Amino acid sequence: MAIALRTPLCHRLGIEVPIFNAGIGSGAGPELAAAVSNAGGFGVIGASGLEPDEISRRIAHVRTLTDRPFGLNFIIAGESDEDRESIRAEIRAAIGEKVAAVVVFWGDPAVYVEEVHSHGVAILIQVGSVEEAEAAAAAGVDAVIAQGVEAGGHVRGTTSIWELLPKTIGALGPLPVLASGGIGDGAGVARALGLGAQGVSLGTRFMASDEAWVHPEYKRRVVASTAEDTVYTTDLYDVWWPDAPHRTLRNKNFEEWEQADCPPSGERPGEGTVI
């Protein structure tokens, strides 16, 4: 059976292929977003923690490189009123520039949906469970990205994407669902679309691209590594963001911590050094 590559979400966003780059922190800058959009996908700038003026500058930079649709990614994990106001200022800077979409992660999108929509901008959220997806749908998001435990970086999902994806699609009905986590080639994209996804969001797959703002040595390690070279931990990389599981490459820092019997923060070997 033939699989349609241009999904309804593609039509909604004005793109040709259902491939998004993930925000990947500061690694997803204007050059990467523009390259993905120019190739027919949906480019995304990682904008969390940036000042509103800098967000506007990066949007302007993308627009010198492409006239195609693109969006911005924001982490919405803050719980205090001060955190929410800071996040709201970031999102306002993006929607005020009429980007095509904002992609949020790790929090409740309900407090942002109405304002984003009032500017004619779509809002998507990456989720890690069917329950979180259902809550986001009830809040009025335009699509959800189901993230499996295979994902790199901050990991919301606790089950395989191939288990989570069909369950999420089944629960949300016509609302578009994208897949994220452990997808790095055409076969993975085809498998996700075959299960009913309307797109994929890829992070690690874009890390080693020329356009990504990532150290060359890290790009080299990503290319040379396999899935077996990664580690999933809920305890080690928790500076500024506690209780946030990560999948990373195994490195000297991790091995020293493991050899010390995984001590808590404040007792870790080499703690405070720059990796």
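Two strands count as paired if DSSP finds at least two bridges between them. Helices (H or I, at least four residues) and strands (E, at least two) are DSSP runs, numbered from the N terminus. This is a predicted model, where local features need pLDDT of at least 70, side-chain atom pairs count only at pLDDT 80 or more, and totals for chains, interfaces and linings use all residues. Residues are numbered from 1 along each chain as its sequence is written, and side-chain values use heavy atoms, with hydrogens and water left out.

Start by selecting strand 8, residues 177–180. Val177 and Ala179 point one way, Leu178 and Ser180 the other, and all are buried (under 20% relative accessible area; exposed is over 50%, partly exposed in between, with a 1.4 Å probe and protein chains only). In a regular strand, side chains alternate between the two faces of the sheet.

Look for Ala146 and its bridge partner Ala179.

Now bring in strand 9 (residues 199–202), which runs parallel to strand 8 and is joined to it by three bridges. Here Ser180 has Ser201 as its bridge partner. To get from strand 8 to strand 9, follow the chain through helix 8 (residues 186–194): this β-α-β crossover is right-handed (with the strands pointing away from the viewer, the path from the first strand over the helix to the second runs clockwise).

Trp106, not a glycine, has a positive phi of about 70°. Find Trp106 in the loop between strand 4 (101–105) and helix 5 (110–118); Trp106 is buried, at 10% relative accessible area. Then jump to Asp261, in the segment after helix 11 (252–259). Asp261 also isn't a glycine, and its phi is positive, near 70°. Buried or exposed? Asp261 counts as exposed, at 65% relative accessibility.
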